[in-house]
Amino acid sequence: MFNRSPGGYSGQRPPKTYDFIPLPDSVIRQKVPGHNLLNADLYTGTLEFFLRTLTPVFVSSGQAALSESLGMNPGGVIQAHYRIGDRIAIPGSSLKGAVRSVAEAVSASCLNITRASHRDLPDAFSIDCTPDAACTACILFGMSGRGREAYSGHVHFHDAILQTGRTRLFRMPALFRPRPESSFYRKPSRKFKGRKFYKHYRPSEDRRGVESEAILPDSLLAGKIEFTNLTESQLGLVFYSMGCGTHIQLKLGGGKPKGLGSLKTEPKRLILSSVEEIFLNDPDKTAISVYENAALIERIQRSIISTKQSKFFLNKQAEELEKLLHFNLDTLEDVPSEVIFRGGKQWR
Ligand SMILES: [Zn+2]
């Protein structure tokens with residue numbers, strides 16, 4: 001059994017496979033628009049896209065499986081990848097989590113998930129969003145929990161299903177799991193350093209690791225989001241945060257500190273309907289616009305330009321995040337070998 005407690009590392013710093021995007025001084029909040037609003041400037045529609053795996057991707061099914069039940073050599077117990085029926089998939093919730101993290105970081109939004117104590121956060125972050133005063137990320141992706149009123153959000157993520165490519169067993173090393181209460185998360189003032197993002201790395205296996213079923217690089221999964229009543233700049237923030245029309249490539253699933261989970265989003269088809277067009281009720285007017293290929297890229301860029309001009313967009317944080325989350329094969333580094341926690345006693 002591996003000892004994952006950070007208690008035995010006195011004086012040692014774990015190697016950094018992540019970095020922090022600083023929090024802004026304030027959170028920009030507004031009343032939620034609601035789901036039944038009719039406003040001529042709002043967009044409803046779907047974006048279909050592919051997720052291309054850049055490194056092995058592993059999202060656990062949460063269950064151990066017998067290797068023969070997955071068509072592999074019999075006799076092994078492995079961690080199976082998440083499936084819909086018998087098809088390999090990335091759950092919409094995992095994708096949403098990764099996209100939301102990016103959106104929060106660049107949009108003066110609250111910290112949706114943190115185990116930090118409120119007293120260690122800047123004042124603006126010690127207040128929870130509510131339907132009367134919600135940040136952009138809570139409006140887009142919803143809010144729940146901690147006793148506050150729930151809001152379902154305006155973007156829905158479907159599961160992304162594997163289309164081409166396959167899985168193989170990847171030995172997942174036992175990882176050091178940092179905890180927010182550890183000192184390296186904090187500035188000397190004890191205030192949080194910011195939002196944590198794992199960097200992209202060239203992955204490596206550990207022969208002593210647990211066998212996990214990972215999707216091989218260069219596989220394609222088909223994904224889809226549906227959105228309702230978004231402004232142009234909110235729509236652009238969703239595109240931006242998914243890695244459409246930006247240098248950002250997402251990371252999700254297990255083994256992120258070991259280089260797993262890098263994905264590129266390739267937009268395929270955007271279907272947009274504006275409320276104005278639907279309710280004009282003019283049979284001669286096309287209520288729906290479909291964008292593909294060059295027109296799709298141009299339409300996404302138009303939304304992102306609107307996002308970058310909006311008051312919630314944080315240019316400095318976006319610049320840092322675009323560097324941190326850019327996957328460049330030419331400059332990709334190997335995972336620091338010290339990341340693997342060997343034998344339960346010491347870093348090497
Ligand atoms: Zn919020």
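Mentor: Happy to. Buried residues make up 39% of the 348 residues in the chain. Keep in mind that this is a predicted model.

Trainee: How many helices and strands are there?

Mentor: The chain has six helices and 17 strands.

Trainee: And what share of the contacts with a separation of 6 or more comes from residues 24 or more positions apart?

Mentor: Such residues account for 80% of those contacts.

Trainee: Let's look at a helix. Which residues are buried in α6?

Mentor: In α6, which covers residues 315-324, the buried ones are Gln 317, Ala 318 and Leu 321. Looking down the axis of α6, they fall within an arc of 100°, so they line one face of the helix.

Trainee: What is on the face turned away from that buried side?

Mentor: There you find the exposed residues Asn 315, Lys 316, Glu 319 and Lys 323.

Trainee: Nice. What do the buried residues of α6 pack against?

Mentor: They pack against β1 (18-21), α1 and β12 (195-198).

Trainee: Tell me about α1, then. At what angle do the axes of α1 and α6 cross?

Mentor: Roughly 140°, and the two axes come within 8 Å. That makes α1 oblique to α6.

Trainee: Which residues meet there?

Mentor: From α1 you have Val 102, Ala 105 and Val 106, and from α6 Gln 317, Ala 318 and Leu 321. By type, that contact divides into five nonpolar residues, one polar and no charged.

Trainee: How do α1 and α3 cross?

Mentor: The axes of α1 (residues 92-106) and α3 (residues 232-242) cross at roughly 115° and come within 8 Å. The crossing is right-handed. On the α1 side, Val 99, Val 102 and Ala 103 meet Leu 237, Ser 241 and Met 242 of α3. The residues of this contact split into five nonpolar, one polar and no charged.

Trainee: Changing topic: where does Leu 54 lie?

Mentor: Leu 54 is in the loop between β3 (43-53) and β4 (60-66).

Trainee: Does Leu 54 count as buried or exposed, and why?

Mentor: Leu 54 counts as buried because it has 22 C-beta neighbours inside 10 Å, and the cut-off for buried is 20 or more.

Trainee: Which residues does Leu 54 touch?

Mentor: Leaving out residues up to four places away in sequence, Leu 54 touches Pro 217, Gln 249, Ser 262, Leu 263, Lys 264 and Phe 327. Take Leu 263: its C-alpha atom is 5.4 Å from that of Leu 54, although the two residues are 209 residues apart along the chain.

Methods: Residues numbered from 1 in each chain as written. Predicted model: local features only at pLDDT ≥ 70, side-chain atom pairs only at ≥ 80, totals over all residues. Axes fitted to C-alpha atoms, helices over the stretch in contact; angles between N-to-C directions. Helix = DSSP H or I, 4+ residues; strand = E, 2+ residues; numbered from the N terminus. Left-handed = near helix turned anticlockwise from the far one by under 90°. Contact = placed C-beta atoms within 7 Å. Nonpolar A, V, L, I, M, F, W, Y, C, P; charged D, E, K, R; others polar. Buried ≥ 20, exposed ≤ 12 C-beta atoms within 10 Å, placed from the backbone. Arc of directions from axis to C-beta. Parallel < 35°, antiparallel > 145°, perpendicular 65-115°, else oblique.
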